[in-house]
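Subject: A structure for you to look through

Hi,

Here is the structure I promised you, with the sequence alongside. Please open both, and then read on for what turned up.

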Amino acid sequence: MQVGHQAGSRSMPPDVNIANPKILVVDDDATTVRVFRKYLWEAGYRNVFSTSNSEQTFDLIAHESPDVVLLDVLMPGVNGLEILSAIQNDRDPDNTPVIILTASTDRDIKLQALQRGATDFLQKPIDPCELIPRVRNALRIKAFS
């Protein structure tokens, strides 16, 4: 899979490097993080960083300025909804797309995430055939916002 824009499409803003985007994966399950990193690597994304400690997320966001965040909801310590709220409060809400990752089927969690600015959702277990296009679409949203 080629990462970037197609010929003839609108040009990307200079501050968005969609060819080498920074992707942050936050999930308390280290195995899940490794699997996501593998899927993203195989799709050509080389600038992926991650944490299994939700409390480290704020520092990673501040220091790395990710182009997209893949965020688990149900985590010990700081949960994904709290992190999502902080991202939306601290940054331009249109500037950092957040894809929610969850094993929960609770509609209230989905509604809360949408109300707090989530860009998209992926239901666990994650299908790589869904993950990669959703990441690409989130990056496009960022590029054109």
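Val-73 counts as buried because its relative accessibility is 2%, and buried here means under 20%. You will find Val-73 in the loop between S3 and H3. Which residues does Val-73 touch, not counting residues up to four places away in sequence? They are Asn-79, Gly-80, Leu-81, Ile-100, Leu-101, Thr-102 and Ile-109.

The average pLDDT of the protein chain is 85, and 84% of the residues score at least 70. Residues 1–16 are the stretch to treat with care, since pLDDT stays under 50 there and, where pLDDT is low, the predicted coordinates should not be read in detail. For residues 1–16 the model has 22 contacts beyond four places in sequence.

Now back to the loop between S3 and H3, where Pro-76 also lies. Is Pro-76 buried or exposed? Pro-76 is exposed, because its relative accessible area is 57% and the cut-off for exposed is over 50%. Leaving aside neighbours within four places in sequence, Pro-76 is in contact with Asp-28 and Ser-54. The C-alpha atoms of Pro-76 and Ser-54 are 7.5 Å apart, although 22 residues separate them along the chain.

Here is the overall layout. The protein chain has five helices and five strands, and along the sequence they follow the pattern β-α-β-α-β-α-β-α-β-α. Of the 145 residues in the protein chain, 43% are buried. Among contacts with a separation of 6 or more, 64% are between residues 24 or more positions apart.

Next, look at strand S4, which holds Ile-99. With a relative accessible area of 0%, Ile-99 is buried. Beyond four places in sequence, Ile-99 touches a list of residues that includes Val-68, Val-69, Leu-70 and Leu-71. Also among its contacts are Phe-121, Leu-122, Val-135 and Ala-138. Val-68 lies 31 residues from Ile-99 along the chain, and their C-alpha atoms are separated by 7.6 Å.

Helix H3 covers residues 80–90 and is mostly covered, with eight of its eleven residues buried. Those buried residues are Gly-80, Leu-81, Ile-83, Leu-84, Ser-85, Ala-86, Ile-87 and Gln-88. What do they pack against? Their partners are helix H2 (57–64), S3, S4 and helix H4 (107–115).

Helix H5 runs over residues 128–143, which is 16 residues. From its first C-alpha to its last, H5 reaches 22 Å, close to the 22 Å expected at 1.5 Å a residue. The buried residues of H5 are Leu-131, Ile-132, Val-135, Ala-138, Leu-139, Lys-142 and Ala-143. Seen down the axis of H5, these buried residues fall within an arc of 140°, so they line one face of the helix. The elements that cover them include strand S1 (22–26), helix H1 (30–42), strand S3 (68–72), strand S4 (98–102) and strand S5 (120–123).

There are also some local details to find:

- Lys-124 and Pro-125 are joined by a cis peptide bond, with omega at about -5°. Pro-125 belongs to the loop between S5 and H5.
- Ser-65 is not a glycine, yet it has a positive phi of about 45°. The loop between H2 and S3 is where Ser-65 is found, and its relative accessible area of 36% makes Ser-65 partly exposed.
- The charged end of Arg-46 sits over the ring of Trp-41, 3.7 Å from the ring's centre.
- Over the ring of Phe-121 sits the charged end of Lys-110, 5.3 Å from the centre of that ring.

How many aromatic pairs does a search of the whole structure find? The search finds zero.

Happy exploring!

Key:
Residues numbered from 1 in each chain as written. Predicted model: local features only at pLDDT ≥ 70, side-chain atom pairs only at ≥ 80, totals over all residues. Heavy atoms only, no water. pLDDT = per-residue confidence, 0-100. Contact = heavy atoms within 4.5 Å. Phe/Tyr/Trp six-rings, centres within 6.5 Å; stacked < 30°, edge-to-face > 60°. Lys NZ or Arg CZ within 6 Å of the ring centre and 35° of its normal. Helix = DSSP H or I, 4+ residues; strand = E, 2+ residues; numbered from the N terminus. Expected span 1.5 Å × (residues − 1). Buried < 20%, exposed > 50% of the residue type's maximum accessible area, 1.4 Å probe, protein only. Arc of directions from axis to C-beta.
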